[in-house]
Amino acid sequence: MDNISKLIEKFSQFPGVGGRQAKRFVYFLLSQDKNYAQALSTIILQLSDSVTKCSHCFRFFLSSSIDASVCNICASANTDKTLLMIVAKDVDLENMQKSNTFNGRYFILNGLMSIASKKDSVGLRTTELVREIKRAIEEDNLQEIIFAFTVNPEGDNTKMFIKQLLQPLIEKHKIKITTLGRGLSTGTELEYSDSNTLKSALQNRE
Ligand SMILES: [Zn+2]
């Protein structure tokens with residue numbers, strides 16, 4: 001495979017990017033001078049060195065020190081650590097944070113389960129979630145888990161699966177389980193919801 005085709009293939013693996021768009025990216029790069037590609041590849045290469053994944057919520061954050069393994073949300077004394085919101089993706093967390101409506105902690109599940117699957121989907125952080133919830137119960141006096149998934153069959157299926165998975169822990173420690181209110185319209189992704197919608201969805205959680 002030639003380099004143009006290879007790069008088109010790489011770009012088309014990006015979320016939301018189709019083959020035609022990937023091609024446009026490649027021809028855009030070709031039309032720039034060499035410095036542009038050089039600078040871009042340097043940023044990409046340095047990305048993983050400057051960014052750390054939080055060991056509690058699994059969010060990517062810019063690490064100021066090499067030792068930091070926990071992000072500023074998880075580490076902050078102002079965060080209400082008795083609340084844990086489970087979201088599918090990093091961008092969902094970012095949007096929720098931007099709306100300034102939630103003061104608790106998060107957990108990024110890394111996707112949703114397909115409706116066909118009754119079992120654990122590959123790539124979802126279910127083992128990590130159970131471990132994190134056990135830790136939060138012990139160390140942070142966790143009181144409530146909030147599901148914040150897109151209102152669609154995949155979101156519902158994932159919620160059911162996670163609820164079953166956590167059932168023993170929930171019962172034993174009397175943890176409240178809630179879901180963002182139906183202010184979120186069906187199919188609307190959390191990452192595209194505006195601040196007011198998120199605020200009312202959080203207030204109307206049930
Ligand atoms: Zn964190």
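Visitor: Which elements do the buried residues of α6 pack against?
Guide: This is a predicted model: local features need pLDDT of at least 70, side-chain atom pairs count only at pLDDT 80 or more, and totals for chains, interfaces and linings use all residues. Residues are numbered from 1 along each chain as its sequence is written. Helices (H or I, at least four residues) and strands (E, at least two) are DSSP runs, numbered from the N terminus; a contact needs C-beta atoms, placed from the backbone, within 7 Å. The buried residues of α6 pack against β3 (80-87), β4 (104-108) and α7 (153-173).

Visitor: Which residues of α6 are buried, and why do they line one face of the helix?
Guide: Buried takes 20 or more other C-beta atoms within 10 Å of a residue's own, exposed takes 12 or fewer, and partly exposed lies in between, with C-beta atoms placed from the backbone. Seen down the axis of α6, the buried residues fall within an arc of 100 degrees, so they line one face; the arc is that of the directions from the helix axis to the C-beta atoms. They are Leu129, Glu132, Ile133 and Ala136.

Visitor: Which exposed residues does the face of α6 turned away from its buried side carry?
Guide: An α-helix has 3.6 residues a turn, so residues three or four places apart point the same way. On α6, the face turned away from the buried side carries Thr127, Arg131, Glu138 and Glu139.

Visitor: How far does α6 reach from its first C-alpha to its last?
Guide: Helix α6 covers residues 126-140, 15 residues in total.

Visitor: How far apart do the C-alpha centres of domain 1 and domain 2 lie?
Guide: The bounds come from an automatic or database domain assignment. It gives domain 1 (3-52) and domain 2 (70-203). Their C-alpha centres lie apart by 32 Å.

Visitor: What percentage of the residues of the protein chain count as buried?
Guide: The protein chain has eight helices and six strands. Its C-alpha trace spans about 60 × 40 × 35 Å along its principal axes. Of its 206 residues, the buried share is 23%.

Note on methods: The expected span of a helix is 1.5 Å times one less than its number of residues. Two residues are in contact if their C-beta atoms, placed from the backbone, lie within 7 Å.
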